[in-house]
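Hi everyone, thanks for coming. Have a look at what I'm putting on the screen, and I'll talk you through it piece by piece.

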Amino acid sequence: MSRTKTATDKKKRAKATRPTDSARILVADDDPMAIMALERHLGSAGFEVIAASDGEQAIACMDDDIAVALLDLHMPLVSGFESLTYIQKHFPDTQVIVITASGDVADAVEAMKLGAAEYITKPFHPEELVLQVQQAVKSSQESRSHRGLKAFVGHPLPTSQFSTRSPAMKKMDRMVQKVAKLDSTILVTGESGTGKSTIARMIHQHGPRAAAPFIAVNCASLPRDLIEAELFGHAKGAFTGAVGDRPGRVEIANGGTLFLDEIGDLPLELQPKLLTFLQDRVIQRIGSNKEIKVDVRLIAATHQDLSKMCLEKQFRQDLYYRINVLALEIPPVRERTLDIPDLAESIMARISERRGNPSPRLSEAAIEKLKAYSWPGNIREMENVLESVTAFCDGQTISAADLTFAKSASSTADTTAPVTTSLAGMSLSDIEKMAIEETLAACGGNKAKTARTLGISEKSIYNKMKRHGIQR
Amino acid sequence: MTDCEPAEDQVFARADAIRYVGQDAEFLRDLLNMFCEHRGEVMDRISAAIDNDAADELREASHRLKGMLASFFSVHAADTTGKLELAGKSGNLETAAGLFSRLDGQIDVLCAAVDALASELE
């Protein structure tokens, strides 16, 4: 292909198949048979596939809406490594999966250290391919969602301190700075959508292993029969389809940080193997007796109550103690109401930037409505709500009436969820003030309901609000 | 089968190939046609690289062929192609001509076996 061709020419020539509303996947490989197979398998799974036959064309085809790019590492004109670097820099939400021939595992590992999310080896198995792409699409969506955290964390990577008005998040920021330096195992807890993986990345980037890889594994999204191979790798011939040696995520994270998201979903039968690894710091690939030393920092996260799971024999207590060395609990959005206006503005600015439109503003009433809502889906839900409202809003101001929330998510039970933020180090007076402010917000400013939720009389709530200077 | 002819499972991993195409004979034929379309070009590149003692070109062309052969879960042909790639990588092309000659025959056998499988699936 001539280098003088324009990107537009290449975009025209690059083939898109099965245009649907589903995720867009770029596949780039100079092997036409691989392209044919990828189009076939991914198209059948409902993805929109854009095909490119070299790295230059792949880069020309990139845009913000591509969720996943599958790149062959050995392509003419611009290599897979160069394409990967370009995509990482310019399209940080796009997840890259590299394609390698069997036996080129070292290249794949190198690519993952450069930021590739995953690798597949030829010949790939259709079910595994589709599964890996589905996972990558999910990660891409999460990445876009987490960009809504810009109000709380620096950008492009979460390396700076929180910008927050919420006492709970200020405390979280201080704790993140402290624990990052310690290189200890950390358990991050919090409801879905609160940004646990972002906190994990922050810890990695503030810690002594910042220059080494950060490898994330979502234990909930992997099928039970694949998770062991994903974590610990396998030897050639270990099982049907194991056409070559393959290192697992633990091994790839060597020197860096291993982030096990949703560790509560780790199958019980695999927990001893993880425990053994955490104790001995050696792994064995499936089908191999060779012990491999691995030095990683472990950060685990979950939205589940692991101590309760231990009592119910759903999670090993010894593993729980091993991972719960330092614990961070991220407060849900409803407990950070002071941050909601900034967070909403940040999310809307990003949406507008992507759409190329000026960012609308929120009316005072709309801000109050956002603050009063319980946000059971947290930041991820807020992004969805704002994505929707900015799409349908006619004017430049979003009113309270424009905002609609998922009915099931705004139940009374949600709005009165207990405060679970770590309060150690705060004065009792500050804690009381925070509890009143956030419960008031969660109850939509209803003082009687706030008093009932807090277990005090209506008279007391008025007295306490006056004493703390809370205006409502 | 003669002594020279390998058993079918030594030519390609049949079960994996069937799984790969989802038992779809048409898809398997499409892959085979695509392979036949590009085979000549890649083999010519390998042959020219051996003639010109061009190690890098041999490595690249062999790598490309290895990827194409992977679609059929080939055993022998992929192994020989891998050896050619290694020869290119090491810069020692002494054995390359012999490997190339063997490869050509292995690919013929592979294509015949894939064609037979496609007929069987139809």
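Helices (H or I, at least four residues) and strands (E, at least two) are DSSP runs, numbered from the N terminus. With that in hand, in helix 18 of chain A the buried residues are Met434(A), Ile436(A), Glu437(A), Glu438(A), Thr439(A), Leu440(A), Ala441(A) and Ala442(A).

Some housekeeping. This is a predicted model, where local features need pLDDT of at least 70 and side-chain atom pairs count only at pLDDT 80 or more, while totals for chains, interfaces and linings use all residues. Residues are numbered from 1 along each chain as its sequence is written, and chains are lettered from A and ligands numbered from 1 in the order in which they are written.

Okay, chain A. Here we have 20 helices and 15 strands. Of its 472 residues, 47% are buried. Now contacts: two residues are in contact if their C-beta atoms, placed from the backbone, lie within 7 Å. Take the contacts in chain A between residues at least 6 apart in sequence, and 71% of them join residues at least 24 apart.

The expected span of a helix is 1.5 Å times one less than its number of residues.

Next, the strands. Two strands pair if DSSP finds at least two bridges between them. There's an open sheet of five strands in chain A, in the order 8-9-12-7-13, with parallel pairing. Which strands sit at the edges? Those are strand 8 (214-218) and strand 13 (326-329) of chain A, each pairing on one side only. On average, neighbours in this sheet are turned by 20° against each other, direction ignored. Angles here run from 0 to 180 degrees between N-to-C directions, and axes are lines fitted to C-alpha atoms, for helices over the stretch in contact. If you zoom in on strand 7 (residues 186-189) of chain A, four bridges join it to strand 13, and the two run parallel. Ile186(A), for example, stands opposite Leu326(A) in strand 13.

Another one to look at is strand 3 (residues 48-52) of chain A. Five of its five residues are buried, so strand 3 is largely enclosed by the rest of the structure. Both faces are covered, with Glu48(A), Ile50(A) and Ala52(A) on one side and Val49(A) and Ala51(A) on the other. Strand 2 (residues 24-28) of chain A pairs with strand 3 in the parallel sense, over five bridges, and Ile25(A) stands opposite Val49(A).

A quick stop at Leu319(A), in helix 13 (residues 317-323) of chain A. Is this residue buried or exposed? Leu319(A) is buried, because 21 other C-beta atoms lie within 10 Å. Ignoring neighbours within four places in sequence, Leu319(A) touches Gln271(A), Leu274(A) and Leu275(A). Gln271(A) is 48 residues away along the chain, yet the two C-alpha atoms are separated by 7.1 Å.

Over to chain B. This chain has six helices and zero strands. Out of 122 residues, 37% count as buried. Helix 5 (residues 76-90) of chain B has 15 residues that should span 21 Å, and its end C-alpha atoms are 21 Å apart, so that agrees too. Its buried residues include Ala77(B), Thr80(B), Leu84(B) and Gly88(B). What covers the buried residues of helix 5 includes helix 3, helix 4 and helix 6 (96-121) of chain B.

Finally, where the chains meet. How many residues does each chain bring to the contact? Chain B gives 18 residues and chain A gives 16. On the chain B side, the elements giving two or more residues are helix 2 (14-21), helix 3 (25-51) and helix 4 (55-70). By class, that side of chain B has eight nonpolar, six polar and four charged residues. For those classes, Ala, Val, Leu, Ile, Met, Phe, Trp, Tyr, Cys and Pro count as nonpolar, Asp, Glu, Lys and Arg as charged, and the others, Gly among them, as polar.

Conventions. A residue is buried if 20 or more other C-beta atoms lie within 10 Å of its own, exposed if 12 or fewer, and partly exposed in between; C-beta atoms are placed from the backbone.
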